[in-house]
Amino acid sequence: MTDEELIKSAFEDLLASLPKNTTEENKQKVIKAFKFANEAHQGVRRRSGEPYILHPISVAKIVTSEIGLGTTSVISSMLHDVVEDTDYTVEDIESLFGPKIASIVDGLTKISEVMSTENRSIQAESFRKILLTLAEDVRVILIKIADRLHNMRTLSSMPMHKQIKIAGETLYIYAPLAHRMGLHAIKTELEDLSLKYEHPEEYKVIADKIRDYERENTLIYENFIEPIKESLNKNGYKHTITARTKSVYSVWNKMQRRNIGFDEIYDILAVRIVFEALPELPEKWQCWNIYSLITDLYNPKPERIRDWVSTPKANGYEALHLTVMGPTGQWIEVQIRSKRMDEIAEKGLAAHWKYKTDGDERNSELDKWLASMKEMLELRDANALDFLDDFKMNLYEKEIRLFTPKGYMKTLPKGATALDFAYEIHTEIGDTCIGAKVNHKLVPMSHKLQSGDQVEILTSDKQRPQREWLDFVVTAKAKSNIMAAFRRDHKELVRYGIHIFESIIKELELPPTSEPLKKILTHFKLKNKEDLYVSLAEKNITKEEIVAELKQRADNKFMKYWKLQFFRSNKNEHKDEEKHDSVAGDEIVVSPCCNPIPGDDVVGISMGGKVMVHKRKCPEAIRLMASHGDKIVPVEWVTHKVMSFPAIIQIKGIDRIGIVNDVTGVISKESDVNMQTVHFDTKNGIFEGILHIYIHNTKDLNSLIAKIADIEGVKQVNRIENQVN
Ligand code: MN
């Protein structure tokens, strides 16, 4: 196909995917936008070699058929790169397509400008700006998510270190945002694609295993579903039942989080019932009726009922989940949704906004959330980086539901305290909080709330925010308000900085001399102690950076033997990659937070004259990759058997006499492994062992793990990152 044919067919495909009820007038506007964009991007190609215009067409297609947005968004998507990449201005767009589309395109252009900057605080600041635009017109962020999805789908044509940066950023910012917007299908795809580029091998192994699992279990599920179908038909419910597989990323994530193997994950397959609601009855009632039909057939697990029908999740999700005992004795999760609920679950609340007109003042949970975000973002002096971390946490956090004395419901993240609740009601109530009554009982403000609690806040005019408060609040809103109060009071900021620094010294068990302080001051080029404390309090320097610096100095003798080799950029690569040459002279430090060893997927992050090497899956690395994308340095291990690296192995099994001997025996027979410490614990006939060893690379480590796993009584052997988890 020629370029022209390719473009024509892609655009016709887009036109065909517009909703059936699109007016002729709107269709003409889409055609006009296409012609304009096509002309503007004329002659430009993407890295894959395709004509550039195919990208905006694809983004527009995602926006209409996967998110369900209307013509305004389709046109804005078509034009989203015009202002950034061509000579046309926002004013041009406005005179051709009107103020609404111009303002959306302007928002999109600003986001990509700030996202591509290399200044760390500006990048975090940019995220804040994204969220601000989000509160103005949520379509901007939905189109941005579609843009990122298409870039992820075509990521293979990028050089490797860019793939890692983009994948990291996607996992850190865009997947959580998609989740928060209720775009379940897109969130899942973004996560899976990120994993595929960050850990290609692990991705493939898990994807294959899921496929095998599906094949082996098809019959079991068919037998399980059959009686449900019959019963639903008999009771007049038009429905579809599908077996849903857990995504590769969510399986991988669960394995990582719980340190378990694939075989230990029991909820790989779930059954989903989508029914057509009968018009004369409430949907909620019908969901529970179906629940009752299912539990007539199978026994439910009492503690595994999830009712998001009575109170939807904050991202709008509605469904009734239950887990029942299947015919062959395994637990099977069943999800019950009406067609409307299913559309919200897959396409997010955007699916509903398309019907929402300007006069419509119904406030969904998401609308409320957007309003509270906006309020928080407008706190002038909130620290952007700090906010980014808290915000991300709040995106994924499980929720609890609480009530005011008058019975109004508030939603807060799990782990929230009475003080978080106070700030949720009003900043002034938070600032003057002295305690609370939870279910009519007096509690301190640090009291952790449970779902269903009724909370009454007690205040005093004399109260003002204290630094200790930051130790127990969890919401971004409470934190930024407390910090804002401190900024009004410099002394309090210094005291908070001292508090953080002292906790670091204590944590690292350093002697109480001024030595560490001096090192830090020189390293970060700070004038005096007060400077350091203020930087720490404001998170211009993070606790992790200080810990890494102090630890690195303590371990210096050992570290200097470690060497890594750098990729050199070659000439035909993109020009902005050449600067990486300059880091070749930097000092290389293997990060103590995740202890990578040769063979692990690693990433280098250049900071303060050093390159810190992290595992790619290290949470700290993911955080840094997103906020310091420009500092990523591609690194690769030189494999040899000269140096050894620390690794930790965890063993679990059935206790028997001599098992410790057998384990240590296996290890001491390995010439390439050195044992540092061994610790075994036995309880009720089960033992758990933690081994600290020194080893050359992952190949040796995996072969050692296989040998230990063969020992009689050993049930589970895992490598763990850190003893704490
Ligand atoms: Mn784009």
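User: Hi! In β5, what is the bridge partner of Phe 275?
Analyst: The partner of Phe 275 in β5 is Ser 338. Helices (H or I, at least four residues) and strands (E, at least two) are DSSP runs, numbered from the N terminus. This is a predicted model, where local features need pLDDT of at least 70, side-chain atom pairs count only at pLDDT 80 or more, and totals for chains, interfaces and linings use all residues. Residues are numbered from 1 along each chain as its sequence is written, and side-chain values use heavy atoms, with hydrogens and water left out.

User: Thanks. And in which sense do β2 and β5 pair?
Analyst: Strand β2 (residues 269-275) and strand β5 (residues 331-338) are paired in the parallel sense, over six bridges. Two strands pair if DSSP finds at least two bridges between them.

User: What order do the strands of that sheet come in?
Analyst: The order is β1-β2-β5-β4-β3, five strands in an open sheet with mixed pairing. At the edges stand β1 (239-245) and β3 (306-307), each with a single partner strand, so one side of each has no neighbour in the sheet.

User: Which helix lies across β2 and β5?
Analyst: That's helix α15 (residues 339-347), which runs at about 105° to β5. Axes are lines fitted to C-alpha atoms, for helices over the stretch in contact, and angles run from 0 to 180 degrees between N-to-C directions.

User: Moving on, where does Ser 247 lie?
Analyst: Ser 247 is in the loop between β1 and α13.

User: Buried or exposed?
Analyst: Ser 247 counts as buried, because its relative accessibility is 13%. Buried means under 20% relative accessible area, exposed over 50%, and partly exposed in between (1.4 Å probe, protein chains only).

User: What does Ser 247 touch?
Analyst: Leaving out residues up to four places away in sequence, Ser 247 touches Thr 188, Asp 192 and Ile 210; contact means heavy atoms within 4.5 Å. The side chains of Ser 247 and Ser 250 are also joined by a polar contact of 3.1 Å. A polar contact is a pair of N or O atoms within 3.5 Å; within protein, one must be able to donate a hydrogen and the other to accept it, and residues adjacent in sequence count only if both atoms are side-chain atoms.

User: At what angle do α12 and α13 pack?
Analyst: Helix α12 (residues 200-234) and helix α13 (residues 248-258) pack at about 110°, their axes 10 Å apart. The two are therefore roughly perpendicular, the label for 65 to 115 degrees (under 35 is roughly parallel, over 145 roughly antiparallel, the rest oblique).

User: Which residues meet there?
Analyst: From α12, Glu 202, Tyr 203, Ile 206, Ala 207 and Ile 210 meet Val 248, Val 251, Trp 252, Met 255 and Gln 256 of α13.

User: New topic: which strand holds Arg 719?
Analyst: Arg 719 sits in β20 (residues 714-720). Its relative accessibility is 18%, so Arg 719 counts as buried. A polar contact of 2.7 Å links its side chain to that of Asp 600.

User: How many bridges join β17 to β20?
Analyst: Six, and the two strands run antiparallel.

User: Why is β17 described as largely enclosed?
Analyst: Because seven of its ten residues are buried.
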